[in-house]
Amino acid sequence: MHEPALLLVHEDAVDNASGEVAVAVHGSGLGAAAPGSFREDACGTPVGGAFVVLRDAAGAALFTARSTEASEVVSWTDARVVLRAPGAAAAAARFEVCTSGAHLAGAVTRWAYDHVDVPPSPGTSAAPLAVALDAAGRLFLNEEFHTRFHVLEGAAAPGGAQSSAPGEAQGSAPGEAQSSWLAIDLPQAAGPGIFAQTVFGDTPSRIATLGEAVAVDPRGRAWFGEAGPAPYRGPNANHARVGAYDPATGRLDLWAVPGDANGVVGVAWDEGRRRVWFSQARRSSRGTAPGVALEARLTSFDPDSVPADGGDLAFAPGEACLVPAGAGVGACSATASRRCVTDADCALADRVCPPGAGDRPGCFREYELPSALGVELPSQLLVHSDGSLWYSAYWGGRHVGRLDPATGAVDAWPLPAPAGQRSCSYAGCDCFAADPARRCAAHCCQYLLLGAGPWSLVEGAGGEVFGCGQASLALFRVDASAPGRPACRALDAGGANPCVTVWPVPGASPGSDLLHSIALDAAGRVWFTLSPAVGHERDPAHPASVGWLDPGSGRVFLFPPLSAYGMEDAGGFVGFGGAGIAVDAGGAAWFADYFRRRVGRLRPLP
């Protein structure tokens, strides 16, 4: 069995000075690398060894690679072969895989890879994370460790654009439209900052650690969140905001999220209700009197009735948190229905809808997730076509859930344990041991905390929901019938869920890889980004790239490793780190490159 090969053209004199192209051939029965002779004109007859031939439309051989030639073959397995080829091979239209026992042939699909650097945010090491596209071709970017929000104008053709001053046009490749970045400084409150930071100790900061989502509504406004680290139980105030940028008017609005340690991750627009949704972390106390003040929750508000905040962004508590002696959780002094741990939890408490108030205008409506689900940090959100709200239980809970806003009912569909966990033995080790020699393998500890680590969600044409497990390194689908099937609310005796289909990403390795985000294209393919785990980003041989799942056939395709097109900084080589992804109307995939601080694009060529 074989499928079209994916060929990458990257015209970048710095990243790809030799002008090489990269090719990934997918299939089964490709055999193993083997030495031997070959004849380009006799592929399919008994020959020694294994090799690949790339041919033009007329059948002429453009390039032949021996399976054992390290300068030409990046990897060779029974299911996938990755090649380096000279620039002349960019004209390839067909491929052949030739071994002593097999002759496989198929079409070559050609793709252009290009990228644009993201302008740096002064005083931060901002890293691009979440992307979204609007109907006009703009790309919106949210980052981790940010003080700015970015818009790439003219994103339909980035060309060779490089970073420049905010709003200036950037250089473009010949024949392509110009692109330019607009860098929007986000207003700051007076003082040391409204966020906590835990990278360098634990201190107040003006830099938002989290910038995990961005969503575009039908009016073209881009919605995004910013928050400090989560979950967080440190000594400093650690607030969050939700923002909206309207490119038609240039207006930026920010809404301060009531309370503290909110951990805003997912953001989604609900057109049916004309409300914006965001996810929030569980708020717990710590120390001698642990307790949960607020469960993880999904929150919405009507931006037309909740005024945006102007200069009042300091989150000064208007009331105190009254905690009984010996307890870890108390109540706000003026808003008794608001549970709290510290005074910071009572900031803007009067803006939260009172219990039983429903989705009334003028306040933030919170839906706490049932404590039995054990969710510490919900991640991305999906407003489903049936009006329900879906979420990923990223930290704790090990499931994908569904909220019915009309009733407040929550359903949860547990995800199978990651395949990699079968190799983890927790005997004789401790994930929290002070002695590194006694700790379990890092990825095994990650499984205990996150399970599959579900992250982004998209809705398929039939109402099914696709997602990705950052820790499980697998794509999954929750069937559209799941809400009506009680049996799907638990795993069966074999550890499977009858409503969940799982597709592992071939070749992804626990501990060194991270399956970050997904997006759906017009053909129903589920695109995804693969990144090195932290600590592996400087490995030139890392296979991180972009790929897609064809749900109909269950086949998973992965482009050649994008780290083949290298870049360096003061610390040496920096590899590709795929993060958020979106697909435009022309079938081009746009994605954040976290470690290189770029936005990349894969564009189909004729």
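This is a predicted model: local features need pLDDT of at least 70, side-chain atom pairs count only at pLDDT 80 or more; totals for chains, interfaces and linings use all residues.

Residues are numbered from 1 along each chain as its sequence is written, and side-chain values use heavy atoms, with hydrogens and water left out.

Leaving aside neighbours within four places in sequence, I207 touches G123, T124, F145, H146, T147 and F195. I207 sits in the loop between strand 14 (203-205) and strand 15 (214-216). Strands here are DSSP runs of E, at least two residues, and helices are runs of H or I, at least four residues, numbered from the N terminus.

Is I207 exposed, partly exposed or buried? Buried means under 20% relative accessible area, exposed over 50%, and partly exposed in between, with a 1.4 Å probe and protein chains only. I207 has a relative accessible area of 22%, so it is partly exposed. From I207 to G374 there are 167 residues in sequence and 29 Å in space, C-alpha to C-alpha.

Now the helix. The protein has one helix and 44 strands. Helix 1 covers residues 442-450, and its buried residues are H443, C444, C445, Y447 and L450. Strand 32 (454-459) is included in what covers them. After helix 1 comes G451, with a positive phi near 60°.

Next, the cores. A nonpolar core is a set of buried Ala, Val, Leu, Ile, Met, Phe, Trp, Tyr and Cys residues joined through side-chain atoms within 4.5 Å. The largest has 39 residues, and W223, F278, F301, L475, L515, I518 and F528 have the most contacts inside it. Apart from this core lies another, of 24 residues, with F63, A85, A89 and A92 among them. Going back to F278, its contacts beyond four places in sequence include V242, V257, F301, F364 and L381.

Last, the whole protein. Of its 606 residues, 56% count as buried. Among contacts between residues at least 6 apart in sequence, 55% join residues at least 24 apart. The C-alpha trace spans about 85 × 60 × 50 Å along its principal axes.

That is the tour.

Definitions and conventions. Contact means heavy atoms within 4.5 Å.
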